[in-house]
Amino acid sequence: MKRIITLLMAVILVLGMFAGGAVAETAKSKIVFCVNIQPQLPVEYWQSIADAYMAYNPSVEVEIIGQPSSNVDVFQYEKTLLATGQFPDVMVMQNPADFVPSGALLAFDEGELDYLLDPNIGKIDGVQYVANYKKQVIGVFYNKDIFAANGLEVPQTYQAFLDVCEALKAKEILPVSIGIKDGWPQIMLANMLAGTDLLANDTSWGIQRNADTVKFNNPQLVKAMEKYQYICQNYAGDSLPSITYTQMLEQFFTGKAAMLPMGSWVNAEVAKAEQEFEVGWFPMPGDDNANVLSVFVNEGLSISAMTKYPDVCKDFVKFFFADKALYSDFLKGEQLFSTTKESVPYEMIPLRKYIEEAIAGMQEVEGFESMTGDAAFLPGLKDYYTNKLTQNIAIGNDVATELDNFDKEWDIAKEALN
Amino acid sequence: MKHNKLYDTLFLAPGFLVYIIFMIIPVIMCFLYSFTNWDGISASFRFIGLKNFVNLFQDASFFQALKVTLIIMVLTTLIYNILGIILAALLNDTGKLLGFSRSAIFIPTVLSAVVVAFIWSYVMQTNGGVINAIIEMFGGTKVDFYATPMTTIFMISGIICWNSLGFFVVIYISTLTTIPQEIYEACKVDGAGWFYRFFHITLPLLAPGITINCILSVAGGLKQYDHVKVITGGGPGGATQTVTLFGVEKAFEYNRRGYSSAAIIILFIIIVIFSIVQLAISKKHEVEY
Amino acid sequence: MSMMKIGGWIKRILVLIFALVYLAPLYIAVVNAVKPYDEIIKSPLTLPKQFTLNNFVEAYQSSNMLELYKNSIVITVSSVALLILLTSMAAYIIARRKGKVYQMLYVFSLAGIMIPPVVTLIPSIKTLSALHLLYTMPGLLLFYAGTYFSTTIFLYVGFIKTIPASLDESAFIDGANPFTTFFRIIFPLIKPCTATAIIFLGMWIWNDFLNPMYILGFRGGKTITTGIYNAIGAYTSMWNLVFANVMLASLPIIILYLCMQKMFMQGLTSGAVKG
């Protein structure tokens with residue numbers, strides 16, 4: 001027994017020493033790239049970028065890391081990495097404002113990102129920390145067969161939308177597929193309504209909210225959230241809190257639900273062609289027209305301010321967009337919209353092409369909780385919006401009270417920053 | 001007899017060293033952070049006195065989390081101990097059937113919170129869930145376990161209990177086996193019935209087991225994280241958030257490590273108070289035999 | 001007498017019914033793991049009409065199960081071994097020595113039971129990072145040793161106190177050094193308690209998902225529990241695959257329990273809980 005224990009101790013010690021000594025020095029500059037691993041963008045895809053870059057610049061070694069589990073949000077995980085001194089050199093980034101106060105991010109130079117369609121998007125105090133790599137649009141996916149069978153038209157006004165829901169409900173078809181169990185999928189509908197009723201009328205609303213000249217509890221947002229609540233309560237089935245994102249997709253793609261308010265990444269599901277009907281798409285209509293489009297442009301690549309190789313990192317970011325083949329692979333997985341000046345063609349499904357044509361000329365507003373740059377929500381409030389506010393409203397709580405609470409949360413978060 | 005202090009130290013030191021590094025120091029750090037405005041990621045922070053604690057006492061969502069935590073703690077403690085004692089009293093006997101039942105009741109205990117949460121979210125689904133399928137089979141109307149925050153908390157507590165009840169039953173059985181059989185025999189000769197024996201012998205003599213089980217179940221209920229995390233994630237709208245989830249959310253979503261630490265310290269103090277009170281009560285009631 | 005016998009049988013049957021109902025969710029997980037998806041939707045309660053192992057094959061292929069098993073086994077076995085070594089030694093001294101210092105040491109070592117696990121993770125990641133042990137299995141082992149020290153000490157001290165001190169004292173007088181005394185005489189005698197500790201620690205460590213996720217991170221590998229958490233996240237409504245994953249993750253630990261059940265109960269019974 002004693003011998004076994006001694007042996008065990010020795011093994012543990014040796015293992016420990018190996019782990020410590022494993023950081024062998026090489027002549028190569030090594031950068032760590034923290035990526036967002038998704039079903040459409042598996043680790044193999046990200047590794048292919050690293051490999052391509054290492055082939056292009058052999059003096060650099062790129063290591064890929066990602067969230068440790070599909071249930072961990074990579075953007076939160078990056079905070080853990082920063083807090084424990086493991087901050088990566090290059091990383092996918094969603095909430096730069098959470099990191100900027102601690103000085104963790106390196107600014108891009110003026111003009112450095114000129115290859116992007118809008119290099120100014122999401123600047124914080126006039127400084128750019130993120131190279132925006134994708135645009136996603138939010139809309140309503142619908143079952144064309146159900147619409148045709150019931151003589152329904154794509155609604156052009158909010159009232160028409162309600163009429164469609166009412167008609168479907170009368171036929172005992174679930175009008176809208178929504179669930180709040182995962183915490184985020186319900187915000188798509190809420191965002192679109194906040195877009196049509198608030199942001200479209202007041203494009204600088206987010207900046208004004210940060211300046212404290214406006215409140216969440218205002219007539220326009222109350223109206224938008226009451227619409228959202230009405231739809232959740234009347235047309236989304238009876239068990240919102242038990243429905244996950246996958247179940248939402250299942251309800252829609254098996255033909256149980258007629259409409260799915262969701263981001264354009266659903267095109268990737270449509271592309272699998274497992275459904276037995278044709279899928280259509282329309283933007284959520286406002287009171288008078290259907291001309292406002294909510295988009296997400298809140299994600300891109302950022303560089304750590306602590307990196308030993310800032311030039312390599314910047315070159316790597318540039319390479320990400322410059323290698324057309326890899327960038328189009330990136331876009332193709334989720335059928336995204338490119339953000340570079342030069343168009344990046346890839347194999348699109350017909351619905352995705354249709355969306356691109358349909359949205360031309362629409363007024364674009366940013367997804368409400370994902371507004372970027374100086375309009376961005378304070379740390380934590382994005383999560384409050386998804387995990388608290390929109391859930392509470394969906395289950396029937398009083399809208400004005402909930403928005404008041406949101407304003408209070410805002411004040412607390414603001415105070416915590418000082 | 002003299003003991004070699006050097007050997008004592010050699011026996012004690014390795015264990016206590018890792019314990020101090022990975023348990024005690026983090027707690028001290030958490031305690032220190034609770035008096036700062038640290039965001040969890042910046043290099044610098046300030047000491048702000050008791051401000052985090054003052055803010056916590058004005059934070060409705062903290063009280064909500066505290067309430068949920070206490071409800072889960074009370075429900076699970078009651079179920080563990082009441083059902084645990086009854087089952088232990090019934091199972092504490094020989095025979096193949098009872099042996100099988102003992103194993104059966106203990107098996108869920110070895111399953112992970114993740115596994116348990118996935119099995120039960122299937123069973124409890126509103127549409128297509130097994131329980132509702134059974135209810136509908138007998139012509140009832142289906143139940144939405146997620147209907148209100150309260151029903152959801154009850155559901156979560158039930159699932160937690162299913163997962164760990166076996167542990168408490170086993171501890172009760174082991175305490176029961178330490179009760180000398182002669183006492184029962186003497187009682188049977190006196191013609192006392194099962195219920196009389198249960199309330200007048202079994203229960204008082206179970207006191208040491210009750211103490212341990214209560215401390216463990218109270219501490220476990222108050223520390224609850226895994227099941228809630230996987231079953232509801234604290235939703236809908238934070239209605240099922242426990243203090244530990246609240247702490248994690250404040251630290252990693254709101255960048256408020258100081259505030260989060262203060263919440264955890266309060267939880268820790270509550271656990272300590274409960275444990276001390278329980279020990280004091282049990283000291284009074286324990287019976288020597 | 002016959003009345004009592006009948007009462008005993010009624011009791012046995014009632015308990016059995018309770019036990020069977022108690023196991024029903026597990027039954028559902030098992031039968032649905034061997035059904036095709038369509039059949040689960042149509043008849044979730046019945047035995048499979050179309051028995052299939054495809055779910056297991058698919059679950060096995062989708063998440064590199066062999067690697068996950070290997071990691072989990074290595075981590076669980078070595079953490080449990082390390083914990084048992086460290087704590088049984090410390091518990092031996094605490095249980096045997098008299099005096100205020102050792103009393104206080106005992107109370108101090110039990111404090112960990114009251115500490116919510118979320119407190120220790122992030123500071124420990126920092127410490128491990130400073131020791132160059134982050135994202136490694138030895139790092140996770142040390143973390144577990146610290147985390148479960150309290151509970152294991154609790155089990156051992158109570159048990160060692162039930163062993164007559166005269167045994168080791170006579171060995172001591174015979175000139176054996178404390179190490180020999182402990183490992184030759186005491187350690188074999190506390191086997192039942194060790195069995196209890198193996199079961200508890202084994203199941204806690206095998207089942208843990210939060211700590212391995214963060215301490216092993218992306219590079220350090222996945223355990224079976226973090227692996228299935230990861231895999232199931234991708235298909236929450238493909239219940240056939242969910243249950244296959246659930247079975248694959250749980251079977252080893254259930255088997256461990258069933259194998260060690262006797263010793264485990266004995267360990268709990270003979271004094272561990274008397275504190």
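This is a predicted model: local features need pLDDT of at least 70, side-chain atom pairs count only at pLDDT 80 or more; totals for chains, interfaces and linings use all residues.

Colleague: What percentage of the 289 residues of chain B count as buried?

Modeller: Residues are numbered from 1 along each chain as its sequence is written, and chains are lettered from A and ligands numbered from 1 in the order in which they are written. A residue is buried if 20 or more other C-beta atoms, placed from the backbone, lie within 10 Å of its own, exposed if 12 or fewer, and partly exposed in between. For chain B, the buried share of the 289 residues is 53%.

Colleague: How many helices and strands are there in chain B?

Modeller: Helices (H or I, at least four residues) and strands (E, at least two) are DSSP runs, numbered from the N terminus. Reading chain B from the N terminus on, the elements run α-α-α-α-α-α-α-α-α-α-α-α-α. The C-alpha trace of chain B spans about 75 × 75 × 30 Å along its principal axes. The count for chain B is 13 helices and 0 strands.

Colleague: Is helix 3 of chain B roughly parallel or roughly antiparallel to helix 10 of chain B?

Modeller: Axes are lines fitted to C-alpha atoms, for helices over the stretch in contact, and angles run from 0 to 180 degrees between N-to-C directions. Angles under 35 degrees count as roughly parallel, over 145 as roughly antiparallel, 65 to 115 as roughly perpendicular and the rest as oblique. Helix 3 (residues 60-91) and helix 10 (residues 207-223) of chain B pack at about 150°, with their axes 8 Å apart. Helix 3 of chain B and helix 10 of chain B are therefore roughly antiparallel.

Colleague: How many nonpolar, polar and charged residues does the contact of helix 3 of chain B with helix 10 of chain B have?

Modeller: Two residues are in contact if their C-beta atoms, placed from the backbone, lie within 7 Å. Residues of helix 3 of chain B, including B:Thr69 and B:Tyr80, meet residues of helix 10 of chain B, among them B:Asn213 and B:Val218. For the classes, Ala, Val, Leu, Ile, Met, Phe, Trp, Tyr, Cys and Pro count as nonpolar, Asp, Glu, Lys and Arg as charged, and the others, Gly among them, as polar. By class, this contact between helix 3 and helix 10 of chain B has 7 nonpolar, 8 polar and no charged residues.

Colleague: Which helix of chain B gives the largest share of the side that touches chain C?

Modeller: In this contact, 65 residues of chain B meet 63 residues of chain C. The side of chain B that touches chain C has 48 nonpolar, 15 polar and 2 charged residues. The largest share of that side, 17 residues, comes from residues 5-33 of chain B, which form helix 1.

Colleague: How many residues of helix 12 of chain B are buried?

Modeller: Helix 12 of chain B covers residues 243-252 and is mostly covered. Its buried residues include B:Phe246, B:Glu249 and B:Lys250. The number buried in helix 12 of chain B is 10 of 10.

Colleague: Is helix 4 of chain C roughly parallel or oblique to helix 7 of chain C?

Modeller: Helix 4 (residues 65-96) and helix 7 (residues 137-147) of chain C pack at an angle of about 45°, with their axes 9 Å apart. That makes helix 4 of chain C, relative to helix 7 of chain C, oblique.

Colleague: How many residues does the largest nonpolar core have?

Modeller: A nonpolar core is a set of buried Ala, Val, Leu, Ile, Met, Phe, Trp, Tyr and Cys residues joined through C-beta atoms within 7 Å. C:Ala90 is among those with the most contacts inside the largest core. Leaving aside its neighbours within four places in sequence, C:Ala90 is in contact with residues including B:Phe11 and C:Ile153. The largest nonpolar core has 294 residues.

Colleague: Is A:Asp212 buried or exposed?

Modeller: A:Asp212 lies in the loop between helix 8 (205-210) and helix 9 (219-235) of chain A. Its phi is near 65°, a positive value in a residue other than glycine. With 11 C-beta neighbours inside 10 Å, A:Asp212 counts as exposed.
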